[in-house]
Amino acid sequence: MQLNNFDTAAFLRDYWQKRPLLIRNPWQSWQNPLSPDELAGLACEDHVESRLITQSSDDWNAEHGPLPETRFGELGKSPWTLLVQAVDHHVTEVAALIEPFRFIPNWRIDDVMVSFASDGGGVGPHFDHYDVFLVQGLGQRRWQIGGMCDDRTALRSHEDLLLLASFDVEEEWTLNPGDMLYVPPGIAHNGVAIGADCMTYSIGFRSPSRKELIGNWCDDLLPQMTDDDRYGDPDLSVQDNPGEIPAAAIDRLHAMITEKLADRAAFARWFGEYSSTPRYPETDWRPEEAIETDHLRGLLTEDHPLFRNPASRFSFVREDEGKLLLFIDGECFPCAGETALLAEMLCAQEQFVINPEWRKSDAVVELLAELYNRGSLSFDWG
């Protein structure tokens, strides 16, 4: 799928992380990529994260999947919504929805959540900490937009849903199939299905908090440290008051922390691994049989295209000229020369045929074989 007459530069300048934007059917040709029955089938799978939200008056109830197949036949006339996370990991046609948004860096992309709602269904007024494009797949949904929220905004008491205690509507639109609404982080919004068949695709983008970065970076650093690395003061002299912690001691103690945290190269490598770690690492995407390099080279010679696993995350950090660190599914692969060129292509294209010159490189073929055997690449997706 491709966006038609969508000015990405203007969007990033005027709307990205600034204000909502309604975009009326920007697709060259919109086709709903998933049926409601297929979505319900995913919600019944053990390895798929899903929720069923049912409404009664002004109250919402949340059930976590996997859901029994019989559950959908038990739903009455009260409004309800089915939410399924990371559908792009399992359905190639849904994964294709991400491609038009590659003007946003790969490491920021989270997943595509898909919802199906009965008439009046929704998840209530709320706000998110991430950017989201809400694409209407089937039917109609009325979207109401409110003001800016943050962690101090009052919420209703609910175990599973972060519902706003109050919600003042500032703008309102009805979206038809193919229409799209961009909502920046912190903006209150509420979607309500109109009619019986309402499907919405939520393309979300991650935005790590300072708390998350510091906490996880420190968790990674701690195992590398030893108790022998301690504070020392061989130049200690007598103080006027033994109760004072002098500035020199504070400077030395502070440096013990900041010197380690200030290692930019180590942080870059950690963040590449951290940000590319699979959201659902328990899912095993490895092929039934590992491939040998000679077999792989033969397939490459025959111009068989390779595909990225939609569930895998690809990114890289550039180092010295001609060298970079490739990050895939939480692992780091140092690359140079032809493998560095290959790494850039892997991150830029969802499917590709290998350059004939690269097929002669043992390093290229060995890297491709390792990624194939890890389940990050395949000849079968697409």
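In the predicted model, His90 is in contact with Leu42, His47, Val48 and Trp285, residues up to four places away in sequence not being counted. His90 itself is located in the loop that connects β4 and α3 (92–95) and is partly exposed, its relative accessible area being 28%. A separation of 9.5 Å is found between the C-alpha atoms of His90 and Asn309, which are 219 residues apart along the chain.

Leu42, one of the residues touched by His90, also belongs to the buried set of helix α2 (residues 36–43), together with Leu39, Ala40 and Ala43. These residues are on the same side of α2, because the arc they cover around the axis is only 155 degrees. Their packing partners are the strands β2 (50–56), β4 (80–84), β5 (109–117) and β9 (187–205).

The structure contains 19 salt bridges. One of them joins the side chains of Asp179 and Arg24, with an N to O distance of 2.7 Å. Asp179 is in the loop between β7 (171–175) and β8 (180–183), and Arg24 in the loop between β1 (21–23) and α2, so this pair ties together parts 155 residues apart in sequence. Asp179 is buried at 5% relative accessible area, whereas Arg24 is partly exposed at 44%.

A salt bridge is also formed by Arg71 and Glu74 (3.7 Å, N to O); Arg71 is buried, with 16% relative accessibility, and Glu74 is exposed, with 53%. In the salt bridge between Arg286 and Asp284, the closest N and O atoms are 2.9 Å apart. Here Arg286 is exposed (55%) and Asp284 partly exposed (49%).

Definitions and conventions:
Residues are numbered from 1 along each chain as its sequence is written. This is a predicted model: local features need pLDDT of at least 70, side-chain atom pairs count only at pLDDT 80 or more; totals for chains, interfaces and linings use all residues. Side-chain values use heavy atoms; hydrogens and water are left out. Buried means under 20% relative accessible area, exposed over 50%, partly exposed in between (1.4 Å probe, protein chains only). Helices (H or I, at least four residues) and strands (E, at least two) are DSSP runs, numbered from the N terminus. The arc is that of the directions from the helix axis to the C-beta atoms. Contact means heavy atoms within 4.5 Å. A salt bridge is a side-chain nitrogen of Lys or Arg within 4 Å of a carboxyl oxygen of Asp or Glu.
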